[in-house]
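Take a look at the model below.

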Amino acid sequence: MKIAMIGLGRMGANMARRLLQGGHEVVAFDRDLQNVAAVEAHGAYAATSLADAVVKLSPPRVVWVMVPAGAPTEEVFERLSELLSPGDIAIDGGNSHFKDDIRRAAALAARGIHYVDAGTSGGVWGLERGYCLMVGGDAAAFACIEPIFRTLAPGNAGIAPSLQRDGRGGSAEQGYLHCGPVGAGHFVKMIHNGIEYGLMQAYAEGFDILRGAASAPDQAGYRYDLDLADIAELWRRGSVVTSWLLDLSAAALAGSPTLAEYSGHVEDSGEGRWTVQTAIEQAVPADVLTSALYTRFRSRQEHTFAERILSAMRRGFGGHVEPPGTKTKR
């Protein structure tokens, strides 16, 4: 298929490259023309503007938007509403709020343009590993562009289907899924990120307690000088807490046992807040997810070893570089 990729940051550029490697034609545009040139070097068609990117496509046009959520995304879709034609498909692969998807889809539908939301997980490793894709939108539009999702997704990646699926099959086993109507993809991704906050916090706090065993007070009756890198490596093998986040933690600790280069200042990208807000709307208790979000807020005031673990994981999976900090505890 031929597709325009709008936004060539950490993820957008790698997604464009993965599509090219999969045999698709990609028209690439970014406000930073150096980013465009970098993707062009891998075989993409360079566009000098959003309008130029659309012109380089043939109907029905497919445009994937991969820019920061909020005003930048709104501006791009406002312009696309003027540039695209009935039957064209616009995809938001960023971290938009699902209610914004519903509003945008209605506005584009009035012009005959299809809107698809694609929650995208995989970070800076997606080019190599593939992207887990949670998709919302009209079923017919999804079917039209399914080859794109199939290429971006990791495939079964050597992971056997869960027990008791009984040959159910389906695209979920390949790493992508049409979750439901417009907004459903970003809704699922929102909850995914809320859970991610909780998992990261659990690892961070656990490693902080392990580290603290070396300086336990005399009245505690124990003192253990534990090798955190080896413990993380141990847990990666056969443990029930094995995960990619643990892999990233193990790699970070192996490279820097004290994590001195990490400030412990941990940002949140929005989905954690939206998850908590949605839990409130539904009156669903979400103690762990809420606590993990609040810990990120507090991390911007003082920084513990646990928060440096969080910073290390964020850099590992998403290339996020936290601002330097000055306050560190323990």
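P285 is exposed, because its relative accessible area is 70% and exposed means over 50%. The model is predicted, so this value is computed from a prediction. P285 sits in a loop, with α11 (271-282) on one side and α12 (287-299) on the other. How far is P285 from I148 in sequence and in space? The two residues are 137 residues apart in sequence. In space they are 37 Å apart, C-alpha to C-alpha.

Now turn to the nonpolar cores. The largest one holds 31 residues. M5, W64 and F149 have the most contacts inside this core. Which helix gives the most to it? Helix α7 (residues 139-152) does, with six residues. Another core lies apart from the largest one and has 25 residues. Among them are M200, A229, L246 and V266.

| Nonpolar core | Size | Some of its residues |
|---|---|---|
| Largest core | 31 residues | including M5, W64 and F149 |
| Another core | 25 residues | including M200, A229, L246 and V266 |

Two elements each give two or more residues to its lining: α8 (184-212) and α9 (228-235). The lining includes L210, R211 and A214. D225, L226, D227, L228 and A229 also line this pocket. L253, P257, T258 and F305 complete the list. What kinds of residue make up the lining? Eight are nonpolar, one is polar and three are charged.

Technical notes. Residues numbered from 1 in each chain as written. Predicted model: local features only at pLDDT ≥ 70, side-chain atom pairs only at ≥ 80, totals over all residues. Heavy atoms only, no water. 1 Å grid on protein atoms, 1.4 Å probe; cavity = no way out; pocket = protein on both sides within 12 Å on 5 of 7 lines; lining within 4 Å. Helix = DSSP H or I, 4+ residues; strand = E, 2+ residues; numbered from the N terminus. Nonpolar A, V, L, I, M, F, W, Y, C, P; charged D, E, K, R; others polar. Core = buried A, V, L, I, M, F, W, Y, C linked by side-chain atoms within 4.5 Å. Buried < 20%, exposed > 50% of the residue type's maximum accessible area, 1.4 Å probe, protein only.
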